[in-house]
Every structure is written in C-alpha cells, then in structure tokens.
Amino acid sequence: MRPVRNLRLRRPLYERYGGRLRPAVIILTFNSAETIATTLRSVRSLTDEIILVDSGSTDETIQLATELGAFVVSHPFENYGAQRNWAIDNLEITKTWQLHLDADEDVSEDLAREIEAIPESTAMDGFLVARYLKFMGRVLRHNLAPTYHMRLFRSGKGRCEARMYDQHFICSGPIGTLKHSMVDDIRMPLTEWTRRHNQWADAEVKELRMKRANAEIQGRWFGNKIQVKRRLRQCYENLPLFVRPGILFIYRYILTGGFLDGHEGLIFCVLQTFWFRFLIDAKLFEADRQSATK
C-alpha cells in the first residue's frame, strides 16, 4: 500500500519554534463526535500536524475534526494494534516525534507545556505518559491510578504490540517518564460501555488461548512501569479461573483505595475489575469445554 501523502494542515495552528519538540499527533477515531473536539483543542498548541485515522464514522466526527484543522484519513478497523501500526507505516509524518492518542483522551495544559519544554535533541527516544480515567463524570484518582502508557516517541523508534487487546507501544530506545498526565474521558453510556467490554472479552480470550508472544512487552519486576504492570498481569493469569476476579476486586477496590472514588469508583470496580474479568474466565471455560468435546 502506498503511503498517504499531503497531510499538512490547510492552516497551521501555531508556528514552529526552533529546537522545541513539536510532535505529529495521531488520533484513532470512530463515531467520536462527543469527545474529539476536546481532544483536538487540548493538543493544538503542540503542533501543526494533527492526523485522524478514522474507521468509518457515521456521526459528525470528521466534520468537527476538519473544522478544527485536523487532516482525516480513513482506514478499515481490524484491532487497535493493527490500526496504530498502519498509521505508523503508511502516514507520511513530517515531524521527528509522534504523539498517539485515543479520541477521548484529553492532554492537560501542564502535560502540553511539559512536552513543549522537551528539546527535540533529547537523548530519550520515548516517554511514558500517566493517564487517569474519567468515569461517569468523575476522575478516578485511586484503583491503581494512574496507569502509564508509551505514547510519545521519536519517529522510527515506536511500534504497537501485535495484540488483540490491552496493547502498548514499544520503544526501541531509551525512555523517560513525564511528570504530568492526560485524562481518558469515558462519556459513553453504560449500555455501550458494557457492550464494548463484551467484545473486548472475546478478543482477550482469543489472545490468551493463542499464547502469542510476538512483539509483546515482557514483564519485569524491576523494569519500567509498563513492564511491572505486565509482570503483575502474568501473576494474575496464573491464578485459578473464577477466583482471580474476586482477588483482583479486593486488591483494587480495598487495598489500593478504589472505594475512595465514591459511587463512580464502586461501579467501575464492579463492572471493569470484577464483572469483565469474570466474563473473560467464563468465556475461557466455555471455549476450553468446546475444544475438549471436539
């Protein structure tokens, strides 16, 4: 497939400052009209190159993005990892650095200023960014928050894991950790949120049964924050089915203070920590039983 070309914005939002890190911003979208304007406004001080990779939106996502100065490219969606890697491989990005976001992630002013202050010639090839979840209108400050994600990296140094679910970017060079954070603003109603979690449970079951290791981040107790998280996940996966969701709920809701996030924290922990993980175990149980009877 030929690279997508001519991705410069029609009107630069800001002039380029010499020596300052000015990344291209790549955002994945699908029917993201409710959040995309906030996301775009949060990064417009960072760059004059904002590219949306849209997977067939039927709402006002493309119109809003275009009005706010972003360039939109359409590409069919397979999974998040494949979509991110397609963008890396096929967009003709003119910047030395790339910042990858979801359509509901809001870069704080402090984080934007911190990125702007990084010299483009920094010895680092990538940076981990802290992320908080905003759920039912409340930013969840506990329950293992924040999580860390490799989202800012030098062009040619970053790639997304080839996983169906829970993908992270991998940076092939030295990495640092930024001080300030972004917020993932989950605005969809619970009906849609749980529907998507049912789909993600299917993807996770396929991933677990395939035992794929290609391009995966390896878990390490003394690695960076993503490697430690992956090591904890490996420990979780070694626990018995149906027992481990309850243990995880107790750990996140009680031991790490998820209860301090009020009713929103309770709903999130019950649905995302317990129900979602129990659903994955049930689907694993069902798939193993079906395989045994063949």
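1. Ile26 stands opposite Ile51 in E2, where helices (H or I, at least four residues) and strands (E, at least two) are DSSP runs numbered from the N terminus. E1 and E2 run parallel and are paired over five bridges, two strands being counted as paired if DSSP finds at least two bridges between them. From E1 the chain passes through H1 to reach E2, in a β-α-β crossover that is right-handed; the term applies if, with the strands pointing away from the viewer, the path from the first strand over the helix to the second runs clockwise.

2. This is a predicted model, in which local features need pLDDT of at least 70 and side-chain atom pairs count only at pLDDT 80 or more, while totals for chains, interfaces and linings use all residues. Residues are numbered from 1 along each chain as its sequence is written, and side-chain values use heavy atoms, with hydrogens and water left out.

3. On its other pairing, E2 is joined to strand E3 (residues 71–74) by four bridges, again in the parallel sense, and Val53 stands opposite Val73 in E3. The chain crosses from E2 to E3 by way of helix H2 (residues 61–67), and this β-α-β crossover is right-handed.

4. Strand E2 (residues 50–54) is mostly covered, five of its five residues being buried, a term that means under 20% relative accessible area, with exposed over 50% and partly exposed in between (1.4 Å probe, protein chains only). Ile50, Leu52 and Asp54 point one way from the strand, Ile51 and Val53 point the other way, and all are buried.

5. Glu34 belongs to the loop between strand E1 (24–29) and helix H1 (36–43), and with a relative accessible area of 52% Glu34 is exposed.

6. The structure holds 11 aromatic pairs, taken as rings of Phe, Tyr and Trp (its six-membered ring) with centres within 6.5 Å, planes under 30 degrees apart counting as stacked, over 60 as edge-to-face and the rest as tilted. Phe242 and Phe285 form an edge-to-face pair because their ring centres are 5.8 Å apart and their planes stand at 65 degrees. This pair links distant parts of the chain, 43 residues apart, with Phe242 in the loop between helix H6 (225–237) and helix H7 (244–255) and Phe285 in helix H8 (residues 262–292). Phe242 is partly exposed at 33% relative accessible area, and Phe285 is likewise partly exposed at 37%. Ring pairs link Phe242, Phe274, Phe278 and Phe285 into a cluster.

7. Helix H8 has 31 residues and reaches 44 Å from its first C-alpha to its last, close to the expected 45 Å, which is 1.5 Å times one less than its number of residues. H8 bends by about 30 degrees at Trp275, the bend being the angle between axes fitted to the seven residues ending there and the seven starting there.
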